[in-house]
Amino acid sequence: MRIVLVGPPGAGKGTQAAYLARNLSIPHISTGDLFRANISQGTDLGKQARAYMDAGRLVPDEVTIGMARDRMAQPDAAGGFLLDGFPRNVGQAEALDEMLRSESLKLDAVLDLEVPEDEVVKRIAGRRICRNDSAHVFHVTYNPPKAEGVCDACGGELYQRDDDTEETVRTRLEVYHTQTEPIIDYYRAQGLVVTISALGKVTDVTERAMEALEKSDEG
Ligand code: ADP
């Protein structure tokens, strides 16, 4: 399956993507994670992306589309993928369509995670992520680790992302509304969008997501 995950920052895309990718045996491709890996390795690409990310703005398409294309061209993505954080504007959605069309491929579904705005701000401000694996995500009050600052899953150090401050979250939400939400209409016109609520327990949301994807596959 070829799936795109959309939703505001804090909707739980990364968390859900990790579970769904495992269930569906397809790689989880997160442009945010790819940028963060480039930043921590000190690559040129990381240097180009950093200021935009810290400000909560989109990294320019010239940089992002090339990076996403390279990742999707890896052998593990030949049979399908779950995209998380890409596309993030209509230009990127068009570029993705073009990439797929040139290989005679299509998307199967666009999974839209819905969550109210005040919830988003609460989720992000308390979010803590493991340095070893960005799928190991905690929250200081909603999902605290057993020992403060230590990942339950692997013992890694937990940290707060540079762009998870309240001020940056507001910018990221605005960017989401103005630039990313329009791709939902773009994909709705192709009949690809399935919307689910991202509220409730992580496992409940995963179940909802799997059901929605199965239905969209039949339909
Ligand atoms: P979240 O979904 O929680 O906002 P991500 O990890 O997906 O976080 O993205 C973090 C930041 O990385 C974004 O605010 C943006 O600066 C950059 N980024 C990620 N994906 C893209 C993309 N497709 N296009 C442009 N910038 C991106």
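An oxygen atom of the ligand sits 3.1 Å from an N or O atom in the side chain of Arg 88, and an oxygen atom of the ligand is also 3.0 Å from an N or O atom in the side chain of Arg 161. Altogether 19 residues surround the ligand, and the closest are Thr 31, Arg 36, Arg 57, Gly 85 and Arg 172. To be near a molecule or strand, a residue needs a heavy atom within 4 Å of it.

Before going further, please keep in mind that this is a predicted model, in which local features need pLDDT of at least 70 and side-chain atom pairs count only at pLDDT 80 or more, while totals for chains, interfaces and linings use all residues. Residues are numbered from 1 along each chain as its sequence is written, and side-chain values use heavy atoms, with hydrogens and water left out.

Let us turn to a pair of helices. Two packed helices are described by the angle between their axes and the distance between the axes. Helix H2 (residues 31-40) and helix H3 (residues 44-55) pack at about 115°, and their axes are 8 Å apart. The axes are lines fitted to C-alpha atoms, for helices over the stretch in contact, and the angles run from 0 to 180 degrees between N-to-C directions. Helices (H or I, at least four residues) and strands (E, at least two) are DSSP runs, numbered from the N terminus. The crossing of H2 past H3 is left-handed, a term used if the near helix is turned anticlockwise from the far one by less than a right angle, with clockwise giving right-handed. On the H2 side, Gly 32, Phe 35, Arg 36, Asn 38 and Ile 39 take part, and they meet Leu 45, Gly 46, Ala 49, Arg 50 and Met 53 of H3; contact means heavy atoms within 4.5 Å. The residues of this contact divide into 5 nonpolar, 3 polar and 2 charged. In that count, Ala, Val, Leu, Ile, Met, Phe, Trp, Tyr, Cys and Pro are nonpolar, Asp, Glu, Lys and Arg are charged, and the others, Gly among them, are polar.

Thr 168 itself is in helix H7 (residues 166-188). Its relative accessible area is 9%, so Thr 168 is buried; buried means under 20% relative accessible area, exposed over 50%, and partly exposed in between (1.4 Å probe, protein chains only).

Phe 86 and Pro 87 are joined by a cis peptide bond with omega of about -5°, and Pro 87 belongs to the loop between strand E3 (81-84) and H5. Both residues are touched by Gln 92, along with Asp 61, Thr 64 and Ile 65, not counting residues up to four places away in sequence. Gln 92 lies in helix H5 (residues 90-102) and counts as buried because its relative accessibility is 2%.

Beyond H5, the loop between H5 and E4 holds Ser 104, which has a positive phi of about 55° although it is not a glycine. Ser 104 counts as exposed, at 70% relative accessibility. Asp 108 is found in the loop between H5 and strand E4 (109-114) and is partly exposed, with a relative accessible area of 33%. What does Asp 108 touch, not counting residues up to four places away in sequence? The list is Met 1, Arg 2, Leu 192 and Ser 216. Its side chain reaches the backbone nitrogen of Arg 2 at 2.7 Å.

Ser 25, in the loop between helix H1 (13-24) and strand E2 (28-30), has a positive phi of about 55° although it is not a glycine. Asn 132, in the loop between strand E5 (127-130) and strand E6 (137-139), is exposed, with a relative accessible area of 57%.

Methods: A polar contact is a pair of N or O atoms within 3.5 Å; within protein, one must be able to donate a hydrogen and the other to accept it, and residues adjacent in sequence count only if both atoms are side-chain atoms.
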